[in-house]
Amino acid sequence: MSAPSNLKYSTDHEWVLFDGDVATIGITQFAADQLGDIVYLDLPKVGTMIKAGTIVGEIESTKSVGELYTPADGEVVELNQDAVDAPDTLNSDPYEAGWLIKVKLSDPSQLDSLLDEASYNAHIGA
Amino acid sequence: MKRTVLFEEHQELGASFVEFGGWEMPVRYTSDLAEHHSVRKAAGLFDISHMAEFEIYGPEATEFLDYAVGGKPSTIAENKAKYQLLLSEEGGIVDDLIIYHWKPGRYILVANAGNHDAVAEALKARSANFQVTIDDITDAYSLIALQGPRSLEILQNIPSLIEGIEGVAEMKYYSGTFMRFKSANGRVDVELFVARTGYTGEDGFEIYVPNDFATFIWRALLAHGEELGLNPAGLAARDTLRLEAGMPLYGHELGLDIHPAAVNLERTVAFDKADFVGKAALQASAAPTRKLIGLRAEGKRAPRAGYPVMHGEKVVGEVTSGVLSPTLGYPIAMALIDIDAIDADLTVDIRGTALEVSRVELPFYKRQK
């Protein structure tokens with residue numbers, strides 16, 4: 001379950017895809033596997049201003065509750081309603097259909113400290 | 001961490017592992033939900049060899065047991081079993097147990113893995129004035145649970161079960177019998193103790209296997225059960241299954257600070273016995289102020305263990321276990337609630353959000369017979 005190379009990763013197991021100053025955020029396959037079957041998502045509403053390092057949402061499996069952190073400050077510009085309606089998408093396709101939110105970044109340089117794929121794979125011992 | 005004899009089998013089946021009661025146990029093989037549904041619809045196979053087992057025998061074995069636990073093991077007929085509480089001197093719950101009368105005058109007492117040492121110490125201390133032997137057989141036996149509506153068919157589908165299988169269909173819940181398993185080539189020839197007990201709310205069997213034969217029996221069950229829908233199932237599914245069935249879990253619904261009557265288990269305590277550990281304290285104690293009840297909610301967000309239960313702004317209890325029920329499709333929870341609030345309008349504080357809940361009878365799920 002090696003992580004894709006076009007993404008950046010946080011040590012909290014979020015992945016980030018950049019498109020200009022908009023970041024798409026999701027959770028990694030490793031995080032989804034650790035949680036087990038994901039059954040409920042609580043995501044921040046569009047328009048919410050979020051702050052780096054804070055909990056912005058929750059991801060519940062039958063077994064436990066995981067917290068979604070944001071790696072950077074910004075405004076939520078889109079959320080993935082399809083994933084909210086079918087949370088198991090995070091288990092089956094966490095890097096594509098299972099994306100969670102898109103954030104317009106206030107300061108893209110905050111993301112310089114994110115891990116690349118090799119560092120993240122090392123972080124999870126993959 | 002300890003590993004069961006079947007650890008490598010689980011690895012080969014692709015299991016993820018979790019620490020539980022000091023053991024490295026399979027939490028899931030594929031999907032918690034798929035394994036849960038497999039047990040409700042067909043069958044699941046669980047390795048529960050982490051459970052603690054003690055064999056108890058000797059001239060005063062029954063007198064000892066009647067003194068050591070809350071109920072009356074002396075009334076357990078041969079081949080029968082009873083659910084029991086091991087109480088503390090203070091009347092709290094050291095553990096919940098099943099006691100099987102498996103051979104004439106010989107009993108096995110099955111305890112939770114996490115309570116192995118506490119139970120072993122309590123049994124030893126309580127045996128001082130009795131002619132009784134207590135053998136810890138935890139590391140000699142593996143325990144395999146076959147659970148689900150097709151469990152009976154699966155056992156009957158195993159050609160190597162050659163003795164003791166005849167009467168299996170008539171075996172009652174909470175009884176057990178020995179079965180002889182002899183492989184076609186004769187290389188495996190072993191006696192198994194097979195009990196119709198479980199922790200899922202379904203029909204099923206718990207199979208006590210001497211460790212040397214555990215891998216063979218596990219494989220035989222999977223091989224002959226596959227065509228009947230049997231899948232290996234992990235501790236995650238075991239937890240959601242027992243919760244739907246309203247069964248208590250030590251550390252959640254049961255504990256040293258929990259009065260048996262608070263969790264609706266006073267029926268397991270026999271106050272008409274001359275003496276037993278915990279009797280004086282329970283007789284002297286006031287009625288418990290909280291009671292265990294079932295709660296349900298709408299939506300998909302589950303109350304979890306430890307979340308406060310509220311009546312308006314007032315905390316009136318605490319969730320002991322909760323989950324989005326895989327079978328029922330709505331959130332369910334057990335909670336200890338102040339007696340005067342059990343029929344009040346309740347909410348659960350889910351990390352700052354008030355979730356409306358309503359009281360429902362336990363169990364949440366009951367199988368069709």
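Predicted model: local features only at pLDDT ≥ 70, side-chain atom pairs only at ≥ 80, totals over all residues.
The buried positions of α2 are B:Asp32, B:Leu33, B:Glu35, B:His36, B:Ser38, B:Val39 and B:Arg40. They pack against the strands β2 (23–28), β3 (43–47), β9 (141–147) and β14 (230–232), and against the helix α7 (235–244) of chain B.

Chain B as a whole contains eight helices and 20 strands. The C-alpha trace of chain B spans about 70 × 50 × 40 Å along its principal axes. The radius of gyration of chain B is 21 Å, which agrees with the value near 21 Å that a compact globule of 369 residues would have. Of the 369 residues in chain B, 45% are buried. Among the contacts in chain B with a separation of 6 or more, 67% join residues 24 or more positions apart.

The largest nonpolar core has 130 residues. Within this core, the residues with the most contacts are B:Leu109, B:Ile144, B:Leu146 and B:Ala335. For B:Leu146, the contacts beyond its neighbours within four places in sequence are with B:Ala43, B:Leu45, B:Ser151, B:Ile154, B:Leu155, B:Gly204, B:Phe205, B:Ile207 and B:Leu221.

Chain B is divided into three domains: domain 1 (7–51 + 140–242), domain 2 (52–136) and domain 3 (289–369). The C-alpha centres of domain 1 and domain 2 of chain B lie 24 Å apart. The contact between these two domains takes 14 residues from domain 1 and 14 residues from domain 2 of chain B. On the side of domain 1 that touches domain 2, the strands β11 (176–182) and β12 (189–195) of chain B each supply at least two residues. The residues on this side of domain 1 divide into seven nonpolar, seven polar and no charged.

Strand β12 of chain B also holds B:Leu192. This residue has 19 other C-beta atoms within 10 Å; because a buried residue needs 20 or more and an exposed one has 12 or fewer, B:Leu192 is partly exposed. Leaving aside neighbours within four places in sequence, B:Leu192 is in contact with B:Phe178, B:Met179, B:Phe181, B:Ile207, B:Tyr208, B:Val209 and B:Ile217. The C-alpha atom of B:Leu192 is separated by 9.5 Å from that of B:Gly164, which is 28 residues apart from B:Leu192 along the chain.

Chain B also meets chain A, in a contact that takes eight residues from chain A and 13 residues from chain B. On the side of chain A that touches chain B, the residues divide into three nonpolar, two polar and three charged.

Methods: Residues numbered from 1 in each chain as written. Chains lettered and ligands numbered in written order. Contact = placed C-beta atoms within 7 Å. Nonpolar A, V, L, I, M, F, W, Y, C, P; charged D, E, K, R; others polar. Core = buried A, V, L, I, M, F, W, Y, C linked by C-beta atoms within 7 Å. Helix = DSSP H or I, 4+ residues; strand = E, 2+ residues; numbered from the N terminus. Rg over C-alpha atoms; globule rule 2.2 N^0.38 Å. Domains from an automatic or database assignment.
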